[in-house]
Amino acid sequence: MWAAAALVPVAGAVVAVALLPVDAANPMWVWGAAAVVGVGSLIKVPTTSGSEFTPAAIVVGALPLLARQTPGGIEHIFTLHDSMLVVTLGLTFSWVLRAARGDDPRRLAAGVLRRAASFTVYLWVFDWVQRAVVLPTGPDGSPNGWEPFVHFVFAAGASFMAEVLSAGFDQTLGSWHRWEGRVRLALRDLNVFTALWAAGALFGLAYEAIGWWALAVAALPYLFTDGAFRRLHAARRTYAQMMRALAQIPEVGGHTQPGHAHRTAALASEVAVELGLGPEETETVELAALMHAIGRVTLNEPNILRMGYTDADLARWGSEIVGEASALAEVAEVIRRQHEPYRSPGEDRDPDVPIASRIIKVCSAYDIATAETGFSPLEAMERLHQGSVYDYDPDVVAALRKVLERRGAFGLVRSR
Amino acid sequence: MRAPVRRFLVGSAYFLAGVGVLWLTYPGAFGVDLPLWLLFTAAYVVLSYQSVEVNDRLYASSSVMPVLTAGVAFALVSDRPGIDQSVVFAMTLMAALGPLVPEDLRLRRLFQPAANLGQLAVSAALAGLVIEAVVGDLSVSMVLETREAFRVAVAGSAGAATYSAVNFVLVRNAVVWTYGRRDLIPWSRMGMIVGSQTLMGVLGGLLGAVVVTARPAVVPLILFVYVMGHLSIIAYSRLREAHESTLRGFVKTLETRDLYTRGHTERVAYFSRLIGERLGFNGTQLEQMRWAALIHDVGKLAVPVELMQKRGPLDDDEYRRLRTATHLVDDLLSEVDFLRPMVDIASGCHPRLAGEDFGQVGHTHTTSPSLEQKVLAVADAFDAMTSNRSYRMASSQSRAFAALRRDTSPLFDPLVIDALEQALAEVGQTYGPPDYLTEVGVETGEAAHAHD
């Protein structure tokens with residue numbers, strides 16, 4: 001893997017040398033832009049999927065639009081050749097900087113290659129659309145002001161497709177549904193992608209009219225948006241931290257085994273991915289699994305202990321606590337139905353019981369059997385199989401088995 | 001004069017001022033490019049609806065930007081010498097359309113839109129005059145020289161500063177005249193608002209220049225960038241709401257079990273805010289107090305059942321066990337980076353520990369309680385004393401204050417107690433039963449025993 005990772009900067013250097021003769025009248029533009037791409041790659045913009053978007057995209061987004069006033073009219077600063085040189089030099093430079101910083105070489109190689117793909121697609125499509133799509137000119141022959149916008153939308157759209165599809169290829173070992181999950185997750189990065197590339201195009205277009213003042217025009221809105229992304233990201237992290245903390249209250253109260261909530265959540269989200277659930281559904285499963293035993297905090301209430309309670313009561317109380325937050329309505333519903341059997345006698349399957357509830361029922365039972373009752377993983381699986389007439393959905397049990405096998409939980413060596 | 005009458009007078013005065021300004025600036029014909037005007041007006045109206053509260057202090061509203069962009073764009077296009085009245089009118093009319101929120105009109109809330117119309121029209125007209133004065137004589141073709149661009153930036157920022165300063169003064173005065181309260185919008189906010197709007201003005205001015213030099217495509221591009229940030233801000237405030245309501249779910253569970261403590265957390269939060277405002281806490285501190293109040297009793301969820309069953313005050317050993325259980329929850333909550341300062345406040349607010357071993361238990365390792373801890377402790381003890389418990393009756397407000405003052409705990413700072421007493425007097429509220437009910441024969445809890 002190291003060898004493959006090291007090939008990336010070597011390939012970059014080779015391509016850069018091949019492209020080397022600079023077209024531009026002023027080569028400083030090319031070197032400068034490449035340096036900014038390299039340094040910009042060190043700053044990470046937080047995204048939903050965890051993809052590594054960086055402000056380098058702003059520079060590349062501006063390249064095909066950058067133009068200046070010359071005696072003969074307005075002239076583009078970068079040819080396609082120069083732009084490609086900027087991208088190759090910049091990404092190679094960024095590889096050197098980030099390797100020196102100590103980034104993981106595999107992630108680094110994958111990230112640089114994805115960037116190279118999306119940048120190249122943007123530049124090529126832009127070049128092609130520029131020649132293919134010409135909007136009607138004004139009565140005095142002046143160029144149509146909307147033309148650059150149309151070109152940009154085409155090129156950026158194509159580049160985003162490259163970005164999303166390459167996110168799927170990042171994990172080529174996975175099965176189809178996991179590839180699909182990666183792609184769906186990458187689609188959620190559209191906000192960060194749009195902001196970065198549009199800020200670049202904004203700078204390119206405004207530079208033509210007002211020179212370096214364009215920096216203010218592009219930077220102010222982008223900085224606002226960047227701040228919003230960071231704020232949102234921090235809030236997401238805080239929320240996750242808080243849910244993890246609250247999930248442990250029944251544990252410190254002595255109502256469940258220490259670590260039960262975390263282990264069940266980790267197992268349940270893996271099972272959800274194994275069953276082919278999308279990123280949103282997996283998130284719901286994870287949250288609900290984390291909070292599934294929260295109804296037990298009511299168990300230090302003397303009245304409740306005196307009157308007795310059932311699993312259904314516990315599930316309902318838990319769902320009432322969580323359901324107080326309207327954003328968690330779905331999670332609350334999953335928690336409310338977690339105790340229900342997946343089918344009743346004579347019925348194929350109860351379609352009303354959400355898949356997430358069925359996953360939690362199985363994973364929670366498995367964790368209680370192994371951590372509390374003291375069964376071995378294989379014995380616990382046997383109980384689950386026995387219970388799969390009504391209680392445990394056999395599909396979920398099968399997925400759990402695959403997950404546990406992958407984790408090596410059974411300690412078995414597979415003979416071939 | 002009664003408030004509705006004052007409101008009517010202020011509303012109509014502002015409205016008339018707005019209409020007057022429109023009439024004064026009307027040049028006889030519309031005078032500017034109508035499609036462009038409609039485009040900017042649409043952007044302005046949309047942005048006016050979309051202001052989002054980021055937190056207590058910061059409102060992400062950028063509705064001033066389209067007005068200034070339009071002003072600069074029109075001023076650069078017009079080649080009339082001197083101040084072009086049609087530019088000023090175009091800006092004034094645009095600003096006046098902002099407050100026409102359908103929701104307000106449907107509910108027949110007329111005061112707010114009418115006053116806003118007046119105040120925005122006046123602000124925009126003055127901003128228009130400033131812009132015309134700076135760049136009125138400038139006329140550009142395809143490209144701006146550096147000096148021209150500089151003047152455009154100055155025009156935008158000066159226009160925005162005028163707009164927001166005038167607007168601030170008018171809003172503040174309307175509030176003061178109508179409600180007679182001076183503490184609603186402090187003057188200290190003016191600097192921040194005008195500063196951020198001036199920055200927006202630079203952007204708006206330059207944008208106007210780019211638009212008129214035949215590059216309208218910058219408008220959708222800037223909207224792309226802006227809208228993405230805006231959506232994130234909306235998602236962020238939703239998340240914050242979810243965050244808070246999730247915690248509230250836990251608090252509610254806690255309180256529904258015990259009839260006597262129902263609403264306790266909300267009241268403690270309210271009293272902390274009253275004290276905090278009185279002591280001049282800033283937005284961040286007030287926000288912290290709110291969260292600290294919200295979590296100060298969550299630890300009770302982990303209290304062992306035999307302590308929950310106990311009727312009557314706890315003895316020292318039992319109290320220590322109770323604190324151990326709640327500290328386990330405090331430990332959990334302080335794993336959340338955001339909550340750590342609030343957990344510090346909340347875990348140090350329980351007075352029993354303050355006298356004896358404050359500093360060894362809990363998360364604070366200071367030897368004396370912080371002001372925030374004192375505020376929460378006073379709010380907590382005051383509410384506990386003025387509400388009924390299963391084992392005692394509530395005491396009256398004056399007796400509760402007297403008991404708090406008698407207590408020697410360093411948490412019950414006389415300064416904080418005075419602040420609460422004055423704040424309650426100011427809002428005209430009294431808690432607990434009247435004095436004559438508690439004066440004789442009823443055993444009332446002393447401060448240190450009354451917390452819960």
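**Figure 1. B:Glu287, a buried residue of the predicted model, and its salt-bridge partner B:Arg240.** In this predicted model, B:Glu287 counts as buried because its relative accessible area is 15%, which lies under the 20% cut-off used for that class. B:Glu287 forms a salt bridge with B:Arg240, and the closest N and O atoms of the two side chains are 3.0 Å apart. The pair links distant parts of the chain, since B:Arg240 lies in helix H9 of chain B whereas B:Glu287 lies in helix H11 (residues 283-295) of chain B, 47 residues apart. B:Arg240 has a relative accessible area of 24% and is therefore partly exposed. Both residues also belong to a network of salt bridges, in which B:Arg240, B:Glu244, B:Arg248, B:Glu266, B:Glu287 and B:Arg290 are linked. Side chains of opposite charge can pair when their charged atoms come close.

**Figure 2. The interface between chain B and chain A.** On the side of chain B, 65 residues are in contact with 56 residues of chain A. The size of an interface is often given as the accessible area lost when the parts come together. For chain B and chain A the buried area is about 5500 Å², and carbon and sulfur atoms give 79% of that area. Of the area that chain B buries against chain A, 11% is supplied by B:Leu221, B:Val225 and B:Phe250, which is more than any other three residues supply.

**Figure 3. Charged and polar pairs across the interface, with the helices of chain B that take part.** How many salt bridges does the rule find across the interface of chain B and chain A? The rule finds one salt bridge there. A:Glu324 forms a salt bridge with B:Lys252, the closest N and O atoms being separated by 3.4 Å. Four residue pairs, with both residues at pLDDT 80 or more, are found in polar contact across the interface of chain B and chain A. On the side of chain B that touches chain A, at least two residues each are supplied by helix H7 (146-179), helix H8 (188-212), helix H9 (218-257), helix H12 (305-309) and helix H13 (316-333) of chain B. The largest share of that side comes from H9(B), with 26 residues. Sorted by class, the side of chain B that touches chain A has 46 nonpolar, twelve polar and seven charged residues.

**Figure 4. A salt bridge between two buried residues of chain A, A:Arg358 and A:Asp393.** The structure holds 36 salt bridges over all chains, and one of them is formed by A:Arg358 with A:Asp393, whose closest N and O atoms are 2.6 Å apart. Distant parts of the chain are linked by this pair, for A:Arg358 lies in helix H16 (residues 355-373) of chain A, while A:Asp393 lies in the loop between helix H17 (377-386) and H18 of chain A, 35 residues apart. Are these two residues buried or exposed? A:Arg358 is buried, and A:Asp393 is buried as well.

**Figure 5. A:Lys402 in helix H18 of chain A.** Chain A as a whole contains 18 helices and two strands, and A:Lys402 is placed in helix H18 (residues 394-407). Because its relative accessibility is 48%, A:Lys402 counts as partly exposed. The C-alpha atoms of A:Lys402 and A:Val271 are separated by 8.5 Å, although the two residues are 131 residues apart along the chain. Among contacts in chain A between residues at least 6 apart in sequence, 66% join residues that are at least 24 apart. Of the 416 residues in chain A, 49% are buried, and the chain exposes about 18900 Å², of which carbon and sulfur atoms supply 61%.

Figure 6. A polar contact of 3.0 Å joins the side chain of B:Lys374 to that of B:Asp413.

**Figure 7. The salt bridge of B:Asp337 with B:Arg340.** B:Asp337 and B:Arg340 form a salt bridge in which the closest N and O atoms are 3.0 Å apart. B:Asp337 counts as partly exposed because its relative accessibility is 40%, and B:Arg340, at 37% relative accessibility, likewise counts as partly exposed.

How values were computed: Residues numbered from 1 in each chain as written. Chains lettered and ligands numbered in written order. Predicted model: local features only at pLDDT ≥ 70, side-chain atom pairs only at ≥ 80, totals over all residues. Heavy atoms only, no water. Contact = heavy atoms within 4.5 Å. Buried area = accessible area lost by both parts, 1.4 Å probe. Salt bridge = Lys/Arg side-chain N within 4 Å of Asp/Glu carboxyl O. Polar contact = N/O pair within 3.5 Å; in protein donor to acceptor, adjacent residues only side chain to side chain. Helix = DSSP H or I, 4+ residues; strand = E, 2+ residues; numbered from the N terminus. Nonpolar A, V, L, I, M, F, W, Y, C, P; charged D, E, K, R; others polar. Buried < 20%, exposed > 50% of the residue type's maximum accessible area, 1.4 Å probe, protein only. Areas by Shrake-Rupley, 256 points an atom, 1.4 Å probe, with all protein chains shown as cover.
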